[in-house]
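Could you walk me through this protein model, starting from the overall fold and ending with single residues? I would like the cut-offs behind each term as well.

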Amino acid sequence: PRLSPLRSPGVQPPPPLQTPARATKLRAWRPPGAPPPRPSPTAASASPLDTINSASFDPDVYMNVLVQQSNLEALLQRHVKMAAEIKNLDTDLQMLVYENYNKFISATDTIKRMKTNIVGMEANMEQLLSKITSVQSRSDTVNTSLFDKRENIEKLHRTRNLLRKVQFIYDLPTRLNKCIKTEAYADAVRFFTGAKPIFEAYGDTSFHDCKKASEEAIDLVTQHLKTKLYSDSEPIESRAEAVVLLKQLNFPVDSLKSNLLEKLEDCLLNFQKEPTQASIGDISKTFRAYLIIFPDSEKRLIELAQALFSNRYETVRENLRKRIPSTYLLAMLRSLWEDATAIDEVIPEAALPAFSLETTRDIIRQHIATAFLHLQSEISDVLARTPSTSNGKLEESQLQTAMETSKVKVLQGCIDLLQEFHHLIDGNTELLVKLRDLVIDWVQEGFQDFFQKLDGHFHMLSGRSKSPSQEMESVQIDKVPTALVLMLAQLCVFIEQTAIPKVTEELASSFSGGGARSYEYGPPFVPGEICRLYRSSGEKFLHHYINMKTQKISKLLNKRFTTPVWIKHKEPREVNMFVDLLLLEFNGVVSEVKQVLPGLIRRHRHSDSTGSTTSSRSNPMREDMLNRSNTHRARSQFLENHLAKLFEQKMEIFTKVEYTQESVISAVLKLCLKSLQEFVRLQTFNRSGFQQIQLDMEFLKTSLKEFVDDEAAISFLLKEVNNAAHERCLDPIPLEPPILDKLISAKLAKIKEQSPNMQ
């Protein structure tokens, strides 16, 4: 009878609750009548309270131990816990029955259907067995009757096949000759290789003549295949087929491989001289064919491919030694990249694209560096052609033209470079896209390095190194044209104020981005740093120019004051010749400065600071000095002058030098007059010597008005020279004003006669 479940028919039982505790209890459950599990060694030695689920469980012992070890409250808790476990076990057992209920129903239904379908099957099986037995008996009868005829037919068929093979062997020489005439060498090789086993087995018998004729024909085929292999006019596919056929004929092709590889090397050399797009396709096919023909030649082909592109890239490097346009360079690099990609499809193991990318990267960087070197060389050539002073005077606008040429070369050269470099990043080809960020960084780094090296080159041209540790061939200072130093100073100002801002603007608009270099190195182009560098260098060159001019004039003054014996000087008759030389040098300074530096509007001269020649010599103090006739009164005036200097307002003589004509000319004059004062202090004068100095200084005071705007400072320094001569004179009695005016007027008239255009 079926089990009566506690549910209505058609209702599926709920799924069992799979909990760890429930699974443990189900594993411990055993049906009635099943043998108890064997106790484990650990269970035998366990406490009685822990053996409740084992086969050796004793209820009496369990209860006695539980009562002895537990109080009433613990017993009640144990009771509640055990009741809950019993209830859970009952629920699990019920769920187990529900879970297998459908299986029981399905098994019962299947058994019923099997009993129903098997009725009548036994009679059908007996009928089928009888029919199979009848068919087998008839088949045996047929086989017995046809056995002799079948063996005879099979024997005749084997004989027919053998005759066909014999006929093929006898016809083989004729077949081979026909194949040679039609150039069907593949068929000829196929025929001969098929007949070769027969020749090897029966070649010395009746097939001897056929074997000999066939071998002669196949030797002719071999010669034709070798000719085709070495022929340059044959397509590479035909040559590859020839090698395959020769291999099938067991011809030693290893000797041919070295010859063919040598021919391939010659072909690659010719390709390096005249590379074309068509020839790279042929070379790609050649590599592919060689890999098919000679699979073991892959290593050699990789070496040849790498050597080919190494030599081609080396040719590009040689072209970089002369300045080539970026468009021409890109055309060569693009062609090489496409060729490397084509060869890479055949020999990817050569890694030609990676090699090409790395080499192209180095070449572009070298191209950028070379372009900057050429620009620096061009600027240096322009500066080297700077005209020098001839007889203290330059031709009109000659230096100004050289200055403008230098400025144009610097600014336009930088702009031209930017336009050239723009081609390196203006493109969508795979090669340019991969290198774009690097090119931007290289251009910016190039300008930073270019301006720094140009500054160092300027220092070398000026005859002075930037630092003692810097290795550069400095030109001897005596051989450096002073006009060049002045041009360098003004060129530094132009670079700082015009060239650097223009380059910065162009870089920001066309070469923004980059970032391929590490952040720890900072930005590649720092315009502020370059501007500070050229500002400092410009000031150094300006002071260097002033010092060079001052030293040259100081040598002239030193020679003038050390040659004569001032203590025995004769009475002055005219202005000394050294004044003419001094003015000639001043004119050279003015000529250079006016052509290089910008001018400054001259301020209105105050009459109290300059005055006329007569008023400067007719002030009360000077008249009082001239009216004194003895040495005692002259020395008294000397003391008065010193007292007056203590109460005079201090005049600032040496101010900051600006990039203007008046500032530089004034600085040179002030330093020269200061040197003149020191030379005077080193001499001892008699009355005539002192009067000669007085005459020369008065003439200079008149002549120097046209050179500078700061006449007060010049007058002060000339006065200091007179005072120094006065201090070093044994009898300091000056010339009388009428005599002084007469001598100066005579000198001016003489100058006017010699140079009518000079006012």
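A word on the ground rules comes first. This is a predicted model, in which local features need pLDDT of at least 70 and side-chain atom pairs count only at pLDDT 80 or more, while totals for chains, interfaces and linings use all residues. Residues are numbered from 1 along each chain as its sequence is written, and side-chain values use heavy atoms, with hydrogens and water left out.

Let us begin with the overall picture. The protein has 25 helices and zero strands; both are DSSP runs numbered from the N terminus, with helices being H or I of at least four residues and strands being E of at least two. Of the 759 residues in the protein, 37% are buried. Here buried means under 20% relative accessible area, exposed means over 50%, and partly exposed lies in between, using a 1.4 Å probe and protein chains only. A contact means heavy atoms within 4.5 Å. Among the contacts in the protein with a separation of 6 or more, 79% are between residues 24 or more positions apart.

Now turn to a pair of helices, α15 (residues 430–461) and α16 (residues 482–510). They pack at an angle of about 175°, and their axes are 11 Å apart. The axes are lines fitted to C-alpha atoms, for helices over the stretch in contact, and angles run from 0 to 180 degrees between N-to-C directions. Angles under 35 degrees count as roughly parallel, over 145 as roughly antiparallel, 65 to 115 as roughly perpendicular and the rest as oblique. The helices α15 and α16 are therefore roughly antiparallel to each other.

Which residues in α15 and α16 meet? From α15 come Val443, Gln444, Phe447, Phe451, Leu454, Phe458 and Leu461, and from α16 come Leu484, Leu488, Leu491, Cys492, Ile495, Ile500, Val503 and Leu507. The residues of this contact of α15 with α16 divide into 14 nonpolar, one polar and no charged. In that count, Ala, Val, Leu, Ile, Met, Phe, Trp, Tyr, Cys and Pro are nonpolar, Asp, Glu, Lys and Arg are charged, and the others, Gly among them, are polar.

The structure has zero disulfides, a disulfide being a pair of cysteine sulfur atoms within 2.5 Å.

Next come the charged pairs. Side chains of opposite charge can pair when their charged atoms come close. The structure holds 15 salt bridges, each being a side-chain nitrogen of Lys or Arg within 4 Å of a carboxyl oxygen of Asp or Glu. One of them joins the side chains of Glu496 and Arg535, at 2.9 Å from N to O. This pair links distant parts of the chain, with Glu496 in helix α16 and Arg535 in helix α17 (residues 527–562), 39 residues apart. Glu496 is buried at 15% relative accessibility, whereas Arg535 is partly exposed at 37%.

A salt bridge also joins the side chains of Lys747 and Asp580, at 2.7 Å from N to O. Lys747 lies in helix α25 (residues 737–754) and Asp580 in helix α18 (residues 577–596), so the pair ties together parts that are 167 residues apart in sequence. Lys747 is buried, with a relative accessible area of 8%, while Asp580 is partly exposed at 29%.

Arg687 and Asp731 form a salt bridge whose closest N and O atoms are 2.3 Å apart. Arg687 lies in helix α23 (residues 687–703) and Asp731 in the loop between α24 (711–727) and α25, so parts 44 residues apart in sequence are tied together. Arg687 is partly exposed at 35% relative accessibility, and Asp731 is buried at 18%.

Finally, some single residues. Leu357 is in helix α13 (residues 352–384) and is partly exposed at 23% relative accessibility. Not counting residues up to four places away in sequence, Leu357 touches Trp337, Leu431, Lys434 and Leu435. Asn250 sits in the loop between α8 (236–248) and α9 (254–273) and is exposed at 59%. Ala351 is in the loop between α12 (326–344) and α13 and is partly exposed at 36%.
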